[in-house]
Amino acid sequence: MRESIRSREYLFTKHALTQTLRRRISNSEIEQAMLSHSEMIEFYPDDKYGPSALILGFTYSGRPLHVLCGHLDRTLLKIITAYEPDPEQWIDNRIRTKR
């Protein structure tokens, strides 16, 4: 996934475009979060549109971001959505709280 971001071989779904604009998350912040000490915190092998992963990363300014992504093929990464984790729903941005 990092190599796809580095080489800019990724695209945003319509949902991701809408949500990142609404949440004021720039493409640059997505790239920063995916490339700087990012970690996969959840994996969804049976996602309805193909396997996907929830990545936690941080922007250069320290903003935590969750980026949900999957591969359309071996090279093109699909950004499904991105958001800043809500502290009421996430412990240390990594573990879901009990509902």
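Which residue just after helix 3 takes a positive phi? In this predicted model, the residue is His37, with a phi of about 50°. Most residues other than glycine have a negative phi. A positive phi also occurs after helix 2, where Arg24 follows with a value near 55°.

Helix 3 spans residues 27–35, and its buried residues are Glu29, Ile30, Glu31, Gln32, Ala33 and Met34. The elements that cover these buried residues include helix 1 (2–6), strand 1, helix 2, strand 3, strand 4 and strand 5.

In the loop between helix 3 and strand 2 (39–44) lies Ser38. Ser38 has a relative accessible area of 12%, under the 20% limit, and is therefore classed as buried. Beyond residues up to four places away in sequence, Ser38 touches Arg2, Ala33, Ile55, Leu56 and Gly57. The C-alpha atoms of Ser38 and Ala16 are 19 Å apart in space, and these two residues are separated by 22 residues in sequence.

Ala16 belongs to helix 2 (residues 14–22), in which the buried residues are Ala16, Gln19 and Thr20. Viewed down the helix axis, these buried residues fall within an arc of 95°, so they line one face of helix 2. The face turned away from this buried side carries the exposed residues Lys14, Leu21 and Arg22. Cover for the buried residues of helix 2 comes from elements including strand 1 (10–12), helix 3 and strand 5 (77–83).

The largest nonpolar core contains 16 residues, of which Ile30, Met34, Leu77 and Ile79 touch the most other members. At least two residues of this core are supplied by each of strand 1, helix 3, strand 3 (52–58), strand 4 and strand 5. A second, separate core has 7 residues, among them Ile41, Leu68, Ile80 and Tyr83. In soluble globular proteins, nonpolar side chains tend to be buried together.

Ile80, included in the second core, is also one of the residues that line the largest pocket. This pocket has a volume of about 160 Å³. Its lining consists of Thr13, Asp47, Lys48, Tyr49, Gly50, Pro51, Ser52, Gly70, His71, Lys78 and Ile80. Strand 4 (64–71) and strand 5 each contribute at least two residues to the lining. By residue class, the lining comprises 3 nonpolar, 5 polar and 3 charged residues.

Asp92 is not a glycine, yet its phi is positive, at about 55°. Asn93, found in the loop between strand 6 and strand 7, likewise is not a glycine and has a positive phi of about 65°. In accessibility, Asp92 is exposed, with a relative accessible area of 55%, whereas Asn93 is buried, with a relative accessible area of 18%.

Technical notes. Residues numbered from 1 in each chain as written. Predicted model: local features only at pLDDT ≥ 70, side-chain atom pairs only at ≥ 80, totals over all residues. Heavy atoms only, no water. Buried < 20%, exposed > 50% of the residue type's maximum accessible area, 1.4 Å probe, protein only. Helix = DSSP H or I, 4+ residues; strand = E, 2+ residues; numbered from the N terminus. Arc of directions from axis to C-beta. Contact = heavy atoms within 4.5 Å. 1 Å grid on protein atoms, 1.4 Å probe; cavity = no way out; pocket = protein on both sides within 12 Å on 5 of 7 lines; lining within 4 Å. Points joined across faces, edges and corners; volume = space filled by probe spheres on them. Nonpolar A, V, L, I, M, F, W, Y, C, P; charged D, E, K, R; others polar. Core = buried A, V, L, I, M, F, W, Y, C linked by side-chain atoms within 4.5 Å.
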